[in-house]
Structure formats: structure tokens, C-alpha cells
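I opened this entry to look up two things. I wanted the packing inside the protein and the surroundings of the ligand.

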Amino acid sequence: MKKKKRILTGDTPTGSGRLHLGHYVGTLENRVKLQKEYDTFILLANIHAYANYYHKGKEINEAGYQTFLDNLAVGIDPEISTILLESAIPELYELYGFFLTMVKKNRAMRNPSVKDEIEYKKLDASMAFICYPILQAADILGFNADLVPVGEDQMPIIEQVREIAKDFNRTYGETFVVPEGKVGRVARLVGTDGSKKMSKSGSNAIFLSDDEKTLKEKVMSAYTDPKRIHATDPGKVEENPVFIYHDNFNLNKKEVDDLKERYKKGKVGDIEVKEKLFKALNNFLGPIREKRRYYEEKPKEAKDILVEGTKKARKVVQGVIALFRERVNINKLIE
Ligand code: TRP
């Protein structure tokens, strides 16, 4: 039997650690779909989370648990996929340390993902933040992953990871798999406030774990077409967050088409559009909430998944790193 190809992907547990609809269409959906076909590893990237928040150890730990639950809730199946805690695999730090020697300062500073994030979040970035694509290279190459499902904003990072892999292979001979990135069906999902991106830290996100009441409040106060004042004014459906969500989460396409037609003619009010959206989203989130509750009520079972997953993952990384050590002659003097 041909060996399955491998997926490595993950999430940085910053803020509350809870994942939202943007994560779903950007990467979660892909991981769930591909987990049968690929040997899948999901990394709780807690070392990444410390990058600008070294003083928030307690919060990062709690956020990590929420990120973990959300992965299970959307349908990552612990029977076939492996979820692991990044910090418990010290070999990843070892690879990171080596890769730091390979990347020039100017190259690191030029990464658009890093630059945009610093600007967008107005960060006084730490060294670790500037170098986070290099840590990400350790995550991905440490598993010899073939495929990395990520949001569009992460693609320049995958590019940098590929450069590191190629550079290493050129220098020391074939060692690492050069991975491919894979973006989900929506590159970037708008926020409920109409801003370009739904953000984990911001107040413009609909979280996968939002309860019915919270969901309703968020949907009913979401931004629509700002130029439309009365329900009888013709409205714009493009770039309108409420219709973008309808397009992505309402399975009743006929209903969506009908709402769009009427909206464009000024024949439907925002309230009806939003009430129907609330229903669609609530249906979508129902099974996710249910699975989350299952694990919330069985913390021991959940923890075992992570403990066992991390153990299994560490063995995989140890296999990869053995060849790396050999190639660079790193411990030869004591062997
Ligand atoms: N940096 C990624 C993010 O913020 C999370 C991440 C860390 C990751 N390590 C990874 C994603 C390895 C894919 C592969 O979304």
C-alpha cells in the first residue's frame, strides 16, 4: 500500500483561543475534509502564541484548550488524526534554532505576513514574532509534511518555509519534503463590522462556540450595505457581510437567490435577511456546539487525546530530526 501523504497544520492560541467562521472556511473545513486521505497532524502552536505575549502564560494555556476543543468540535476525528502540543516537542526548538542560522535578517523582515500583522495589530514586535515563519518552518519540516492547509494570509510564510527546505536540501542533500500550502474556499472572510477580515482578537467575529443568543445579537447588529437607509432602497449584495455569510453558510441556495433578488430591488428589509441568516448559521453551528459539549463534559477523554497525540507526534519528529542531525554532523563528537 502506498504511504499516505502527510498534512501538518495548526492554530496559534492567542486571545480567547476560540476559532471563528473565518477559520472554518479558511482552513478547518479543509483539514476535516482531507483527514481521511492524508495522515493529518494538527498543532496547537502555543510557542507561537508566546511571541508577543511572553507574560501571558496562563492565558495561552487556557486559549490552547479552547483551540483544541474547536478542532474536535468541527470534526477532527481523533481516531484518524493526531492533535499535538507544540511546546512538548523540544526537537522543534532544535530545528528552529538551526533554521535561524539559515535565514538572513533582511529576508525575515521582508515577509509580508509578518509585516502586515505588525501593521494591522500595531505591534511592537518581539524577535520571536519577526522570526515566527522560521519556527513555523520547524513545525512543518519537522513533520516532513506534504501539504499545509492555511488561511490566505499565511501563504507568504509557506513560501519562506519552502525556501528553507530547498536551501537545506541543496546544501546537505535531500532531507526535507518541500511542502505545498493550500488555501480554503474563501481566502478571507469579512468581519461583522464590514472590515476585510474577521479577527480573533477583535469584536467582529462569529465564533464557532457562540451560543444561540450571542449569535443572534451578532447577526442582528451586523453591518450591511451602508448606503441603504430604507428597506425600499435598492441594496448592494456584493461586499455585504450578511450576504457573504449567506453565500457561505446557508445551504438553501434558492432562499439566498430570492433574498438577493429582492434586496437588489428594495423589496426586502435587513431584518428578514438577517433572521434567515441567523437560522442558517444556527443550523450550521448546531452539530459543532454539540460535539464541543461532548468533550467539555469529558475532560479526561479530551486530555488523553492530546497527551497520546503529542506522544505519537514526537516520535514522528524524532524520526525526521535523526536524519537532520546526521546531515549536519551536529552531535558527532559525542557519538
Ligand atoms: N502561524 C499560524 C497562524 O497564525 C499557525 C501555525 C503555527 C501553523 N505553526 C503552523 C499553521 C504550522 C500551519 C503549519 O495561523
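I started with Phe 143. Leaving out residues up to four places away in sequence, I found that Phe 143 touches Arg 6, Leu 8, Phe 41, Leu 84, Ile 89, Leu 92, Ala 313, Val 316, Val 317 and Val 320 (contact means heavy atoms within 4.5 Å). I then noted another core apart from it, of 33 residues, with Met 198, Leu 215, Val 237 and Phe 278 among them. A nonpolar core is a set of buried Ala, Val, Leu, Ile, Met, Phe, Trp, Tyr and Cys residues joined through side-chain atoms within 4.5 Å; buried means under 20% relative accessible area, with a 1.4 Å probe and protein chains only.

The model is predicted, so local features need pLDDT of at least 70 and side-chain atom pairs pLDDT 80 or more, while totals for chains, interfaces and linings use all residues. Residues are numbered from 1 along each chain as its sequence is written, and side-chain values use heavy atoms, without hydrogens and water.

Next I looked up the largest nonpolar core. It has 46 residues, and Phe 99, Phe 143 and Phe 176 touch the most other members.

For Thr 12, a polar side-chain atom is 3.3 Å from a ligand oxygen.

Technical notes. Buried < 20%, exposed > 50% of the residue type's maximum accessible area, 1.4 Å probe, protein only. Polar contact = N/O pair within 3.5 Å; in protein donor to acceptor, adjacent residues only side chain to side chain.
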